[in-house]
Amino acid sequence: MDFYFGMLQIVGLHTILGLSAYIILLTGQVSMAQAGFMSIGAYIAGMLTVLAEMHLIPAMLIGGVAAALVACIVGFPALRVKGLMLVVATIAFGEFIRIFWFNFDYQISRGGVKLGPEGGEGFKQIRFFPENGWSTLDVAIFIWVVAGAVIAAVWWMDRSRAGKVLRAVGEDDLAAQSAGINLTVVKVSAFTAGGFIAGLGGSVYAHYTTHIEHLNFDIVMATFAIIYPILGGLSNVFGTILAVIFVQVFLLEVLRPLGDLRNLLFGAMIIVVMNFMPHGLFSAQVASRIKGVFSGRKEGANA
Amino acid sequence: MLEIKTLSKHFGGVRAVDELDFTVRQGEIFGLIGPNGSGKSTTVNLVTGIFPPTAGEIIFDGRDITTAQPHVTLDAGIARTFQNIRLFNNMTVWENLWVAQNSAEDKKATNLLSRWMGGSRKAKSQVEEYLEFSALADKRDELAGNLAFGEQRRLEVARALAAKPKMVLLDEPAAGMNREEVRALDERLRALKARGITVLLVEHVMELVMEVTDRIAVLNFGQKIAEGTPSEIQNNQAVKDAYLGTSGD
Amino acid sequence: MDYVQAIVDGLLFGAVYALIGIGFTLIFGVMNKINMAYAAASFAGAYVSLGIAQVVGLSGDFGLPPFVMFLVSAVAGGVFAYIVYLICFRFTPDHYELASLMATIGTLLMVDEMVVQATNGEPQNYPEVLQGIFDNPMLEFSEEFAIRGDLLTLFIVAVIATLGLLWVLFRTKLGLATRAVAQQRMAAQLCGIRVDRTNATTFVIAGVLGGLAGAMIGAVVGTLLQSLVVIPLTIKGLIVTVIGGLGSIPGAIVGGLMVGAFENVFLAIRGVTERDMYVMLLLFVFLAFRPQGLFGRVAVRD
């Protein structure tokens with residue numbers, strides 16, 4: 001049974017990560033820095049619960065806000081570079097944060113035990129869940145409460161006027177600007193919101209694994225974040241969730257007997273999909289039907 | 001209402017617009033014509049802030065908008081359409097109008113959250129009004145990219161109106177239209193005027209310009225070579241020379 | 001005197017960064033797209049040469065003469081680059097650059113994993129074939145300052161490779177076609193240039209340069225370690241390309257030498273674990289103040 005709860009936890013965490021990239025991608029910006037933002041939430045929330053002995057909930061919020069602040073600062077220069085340059089810039093930024101944690105040492109001694117991040121060794125003993133007696137099921141439920149809140153928030157935003165504004169910028173930023181949309185505000189807001197969600201996801205992730213290190217937040221994680229919304233087709237949040245289930249459950253778990261070749265499979269899957277279904281696995285029609293089920297009305301019949 | 005003062009734009013060595021002066025008065029339909037490459041589109045892009053001018057001033061409604069960004073010129077009250085239609089193709093007709101409600105009035109009238117998250121009831125009913133005005137009410141849930149060419153042009157004008165501008169800048173709205181569509185456009189332009197909206201019309205289709213405008217400025221090689229009423233322009237020798245000299249299209 | 005030594009060593013070693021940067025920039029020039037898998041695929045070429053050397057041995061009776069290592073690496077780099085072209089660019093939609101971008105990122109992850117599988121993530125000793133051509137140290141100016149013979153050899157090989165590339169680009173019909181496609185794709189097509197073939201050839205040329213760069217890194221450092229080579233050098237190559245200006249060959253050369261010197265100075269000051277952070281900071285400074293890079297064209301709209 002624990003295996004399925006574990007699966008559930010991973011899908012929940014990756015859904016949060018994918019939606020953090022989804023918001024930014026709506027504005028036409030490809031951010032490869034999501035793993036970096038996630039690591040900020042993870043380390044900060046972990047340090048707050050372990051070193052400051054704070055409760056998880058405020059620690060998570062602070063972790064999310066810290067990641068959002070960094071994302072906001074990244075968002076401004078990102079306005080000056082577009083398209084492929086932004087990809088290079090965000091990859092470099094993600095790696096910058098990763099190397100930062102690699103060099104980051106902040107340990108205190110408590111009761112003869114050293115606690116806190118220890119550079120390349122990582123940050124061990126983030127034991128909020130076991131210390132408070134949470135079972136695997138409890139943790140799975142908690143992750144899905146957070147994921148559910150994120151899904152609901154992004155879904156609602158997407159349907160609102162704000163969502164249309166993001167999409168307008170993504171489709172044609174010049175036309176959007178001429179229709180009165182302030183590009184700076186919209187693009188930086190998208191980065192900030194994406195950073196907050198990634199940071200939130202990271203803070204949950206740190207407590208779920210209890211041991212984080214810089215290698216958790218490498219380019220593979222950054223690619224996960226961006227590939228979910230791309231595979232999901234960007235028409236709504238449900239495509240992203242389906243993509244997470246497809247990659248994490250089907251591709252990586254069901255095909256596990258093939259051996260320890262996860263990244264190989266993952267890379268090969270991206271290549272195949274981009275050649276044969278470049279606009280995503282889940283077409284707009286499938287996605288809108290699911291959307292119709294959830295919103296209780298028929299929609300997009302002519303999409 | 002719109003004052004252009006010794007406006008210049010140089011791209012490298014090319015003087016796309018060269019010391020241009022003209023004034024558009026409140027409530028009129030002002031035509032801007034000239035052969036291809038005479039600087040009409042550059043002028044539109046300068047006025048709407050797509051790029052800043054090399055020299056000169058642009059005053060709108062008493063406000064200096066010379067170096068304002070596009071969304072700021074819209075705030076000031078100038079909305080525009082594009083020569084090669086730029087709609088949000090993967091969004092529905094209704095959504096195209098919804099996102100465009102960014103006038104200064106919209107920003108004041110409703111609080112930030114309701115504006116961003118839902119838009120007020122009033123704002124939504126205004127979208128309906130623009131749908132009616134541009135005869136697109138039955139296409140409201142259609143994706144903008146799937147509309148016919150003429151419908152796309154109408155939607156773009158409706159999108160400009162959704163920002164409740166004091167003035168609209170139309171960049172060749174009749175390009176590619178048939179005679180009947182041009183006549184319908186003519187009527188809609190008059191309807192705009194009747195609503196008190198000033199129109200700056202950049203156009204190639206002469207019958208429309210001569211029919212509908214109050215005054216016209218003629219550009220050639222980035223400079224103004226004539227200005228006056230349609231009948232004055234039709235009898236102007238410099239204009240005839242400019243068009244005959246380059247009558248390619 | 002310490003810094004002078006660091007800067008000179010860095011400039012010499014920067015020649016391989018310049019080669020990698022030239023590869024990225026060449027591909028960007030003709031395709032207007034970034035090949036994220038470029039550096040990784042070329043380094044896979046260096047691993048192939050290493051594999052062959054491990055099987056047959058170097059020199060000896062039936063062994064490989066050292067320079068053949070470079071040749072094998074360069075050829076394998078070219079072959080891999082062509083495969084990348086086929087799986088990431090040839091059949092992905094041309095107007096939708098996200099498709100080829102993601103496909104190359106997928107390839108990058110795949111190559112990285114393949115190298116891990118092939119080497120168990122262990123560092124592999126690379127024969128130091130650049131030793132012995134010049135004395136080491138080659139020129140000794142004082143106690144503290146000398147020019148390393150292997151680095152000098154590396155630099156000279158890189159210069160020859162670059163001159164060779166420039167000769168191809170500016171003195172051959174193939175180069176003419178490449179430049180035509182880079183400047184005016186449509187017009188080139190109308191002139192009867194086969195854009196597909198030109199693109200593929202450009203990939204191969206870039207791959208050859210990358211394979212050579214990979215072999216030289218192995219030879220100078222003495223080992224190839226996947227976790228320090230495949231992805232980190234991809235990122236460094238991208239940084240060189242952006243600093244030089246996307247699409248500019250002189251930019252990639254100057255950018256490569258600059259990054260080489262810069263990182264070596266920070267290696268001396270802050271140590272190896274922090275070195276790359278400063279290289280990234282250099283990139284951010286460029287993005288903030290000169291986003292078009294050293295030699296880049298000012299971005300023209302559309």
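I'm working from a predicted model: local features need pLDDT of at least 70, side-chain atom pairs count only at pLDDT 80 or more, and totals for chains, interfaces and linings use all residues. Residues are numbered from 1 along each chain as its sequence is written, and chains are lettered from A and ligands numbered from 1 in the order in which they are written.

**Chain B**

I found 11 helices and 10 strands in chain B (DSSP runs numbered from the N terminus, H or I of at least four residues for helices, E of at least two for strands). I get 46% of its 249 residues as buried (20 or more other C-beta atoms within 10 Å of a residue's own, C-beta atoms being placed from the backbone).

I traced an open, antiparallel sheet of four strands in chain B, ordered 2-1-4-5; strands pair if DSSP finds at least two bridges between them. Strand 2 (14-24) and strand 5 (63-64) of chain B have a single partner each, so one side of each lacks a neighbour in the sheet. Strand 4 (residues 55-60) of chain B meets strand 5 of chain B through two bridges, and I see B:Ile59 opposite B:Asp64 there.

**Chain A against chain C**

I looked up the contact next: 33 residues come from chain A and 34 residues from chain C (contact puts C-beta atoms, placed from the backbone, within 7 Å). On the chain A side, helix 4 (83-102), helix 10 (219-232) and helix 12 (262-276) each supply at least two residues. Helix 4 of chain A gives the most, with 12 residues.

Definitions and conventions: Contact = placed C-beta atoms within 7 Å. Buried ≥ 20, exposed ≤ 12 C-beta atoms within 10 Å, placed from the backbone.
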